[in-house]
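This briefing sets out selected features of one structure, grouped by topic. Please read it alongside the sequence and the model.

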Amino acid sequence: MLRVQKNKNLTGLNICLVTLKISKKVAGVEYAIRDIVSAATKLEKQGKKIQYLNIGDPVLYGFQPPDNVKNALINAIKNGENYYAPSEGLPELRNVIAKKEHNKGLTVSQDDILVTTGVSEGLDMVMSSIVEEGDEVLLPGPYYPPYASYIRLHGGIPVEFAVDLDNSTPDIDDIRSKITSKTIAICLISPNNPTGVVFNEKALRDLVDVANENNLYIICDEIYDQIVFDEKFVGIGKVASDSPVILLNGFSKVNLMTGWRLGYIAFNNSSKLEEIRESLPKLARVRICSNLPIQHAAIESLKGPQDYIPKFVSELKKRRDLVVKRLNSMPGISCSNPKGAFYVFPKIEKSKFASDRDFVMGLLNSKGVLAVHGSGFGTKYGSGHFRLVFLPDLNILDSTLDKIEDFVSQ
Ligand code: PLP
């Protein structure tokens, strides 16, 4: 139906001028990482070469899933596995995912796993299931932008809590001070995008305690669980016991399957999750299923040889070390050492620009380097920073860092 708000006596001519109404809910949806690309594309059209350091996709920078995984996908298609899958996911895949998460400490079995089209879809389903108008959800500051977008889409309010980037510790007092009668959940992202912060066992225990004291859902994103550089990764499962943990994970990063779009939700064994465990599969059924041939490849990626993962991580470590060292030697820039994932989140200590967004646009326009403004990851703790991916090879990183150094030295 055409919604006409002002002029009820429209003629055929001015009907064409009416804009159809959209939902107010989408106003809060933002994704800085991709929203910024249009400025770079414009420059590219004018013939300028752009070095993209904005998107966390290892496959775009030369990493690939191993051949056994690619072949599993090709064989699935050739073997006729091209129909609708069960909505919850293939039983065999749910089973191997449950084993993986069980080994990380979570009390889960096959029935506790729901396969999704990436963590992105899982996050959408979880937020759709729990957030209502005015509900508050705690997010680590800074955070991966879709968390805030999906919360806002459902009328909720994202509330950022402080994290010490140098010590990788959440500020529990800050969290306590921000919990209100409207707070329904706390989200943890470890390793974190954009900061690379990895929570240790004590930090996770403190977070779980404060969540339980206040009867909150604990939504935990471990998509970078095997991409850690300095310490052993500890999953939320290790400290969760029977807490209401909803784990989000997937195959994009560790398993190098970004474009194939596969992830999952895992429900910890907690009586507090009974209702959502009943209702969330409805959302899985209404969207039918996630991609079937990819599910076969995902089984192979978990069951087949795992040696490509440490190789990938040791390559990344060299890149991280170079980037952090060089950024810290630049005037007006300081950079904490990311302990995991593949991002740095340098602080702009001193610059001629009024905002981090202006800084990023200046870098793009004068040097052709595309970063993401820190405020895109939350204004409270992200402002005054920018994010770079350290996925390109060492030579490209070095020459790009030369450009950044020239830019900040001007
Ligand atoms: N969660 C985090 C923390 C991420 O950084 C990303 C991608 O950058 C995603 C989820 C997206 O995951 P997927 O590709 O599985 O949708």
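## Surface patch

Ile22, Val26 and Val29 make a nonpolar surface patch of about 270 Å². Patches consist of residues with over 30% relative accessible area and no salt bridge, like charges being joined within 9 Å and nonpolar side chains (Val, Leu, Ile, Met, Phe, Trp, Tyr) within 5 Å. The model is predicted: local features need pLDDT of at least 70 and side-chain atom pairs count only at pLDDT 80 or more, while totals for chains, interfaces and linings use all residues. Residues are numbered from 1 along each chain as its sequence is written, and side-chain values use heavy atoms, with hydrogens and water left out.

- Valine 26 is found in the loop between α1 (12–15) and α2 (32–35); helices (H or I, at least four residues) and strands (E, at least two) are DSSP runs, numbered from the N terminus.
- With a relative accessible area of 41%, valine 26 is partly exposed; buried means under 20%, exposed over 50%, and partly exposed in between (1.4 Å probe, protein chains only).

## Ligand surroundings

- The ligand is surrounded by 13 residues, the closest being Val119, Ser120, Asp221, Tyr224 and Ser252; a residue counts here if one of its heavy atoms lies within 4 Å.
- Oxygen atoms of the ligand lie 2.7 Å from a backbone N or O atom of valine 119 and 2.5 Å from a polar side-chain atom of serine 120.
- An N or O atom in the side chain of aspartate 221 is 2.7 Å from a nitrogen atom of the ligand.
- The protein buries 94% of the 400 Å² that the ligand exposes when taken alone, with areas from the Shrake-Rupley method and a 1.4 Å probe.

## Strands and sheets

- Strand β2 (residues 113–116) directs Ile113 and Val115 one way and Leu114 and Thr116 the other way, and all are buried.
- In a regular strand, side chains alternate between the two faces of the sheet.
- β2 pairs with strand β9 (residues 263–267) in the antiparallel sense over 4 bridges; pairing requires at least two DSSP bridges between two strands.
- Glycine 263 in β9 is the bridge partner of threonine 116.
- An open sheet of 3 strands has the order β11-β15-β14, with antiparallel pairing.
- β11 (343–344) and β14 (372–373) are at the edges with a single partner strand each, so one side of each has no neighbour in the sheet.
- β11 and strand β15 (residues 386–389) run antiparallel and are joined by 2 bridges, with tyrosine 343 opposite valine 389 in β15.

## Salt bridges

- The structure holds 24 salt bridges, each a side-chain nitrogen of Lys or Arg within 4 Å of a carboxyl oxygen of Asp or Glu.
- One of them joins arginine 176 to glutamate 213, with the closest N and O atoms 2.5 Å apart.
- Arginine 176 belongs to helix α8 (residues 172–178) and glutamate 213 to helix α9 (residues 201–213), so this pair ties together parts that are 37 residues apart in sequence.
- Arginine 176 is partly exposed at 39%, whereas glutamate 213 is exposed at 52%.
- Arginine 205 and glutamate 201 form a salt bridge at 2.8 Å between the closest N and O atoms; they are 4 residues apart in helix α9, which means a separation of about one helical turn.
- Arginine 326 and aspartate 402 meet through their side chains in a salt bridge (2.9 Å, N to O).
- Arginine 326 is in helix α13 (residues 308–328) and aspartate 402 in helix α16 (residues 394–409), so the pair ties together parts 76 residues apart in sequence.
- Arginine 326 is buried at 14% relative accessible area, while aspartate 402 is partly exposed at 41%.

Notes: A polar contact is a pair of N or O atoms within 3.5 Å; within protein, one must be able to donate a hydrogen and the other to accept it, and residues adjacent in sequence count only if both atoms are side-chain atoms.
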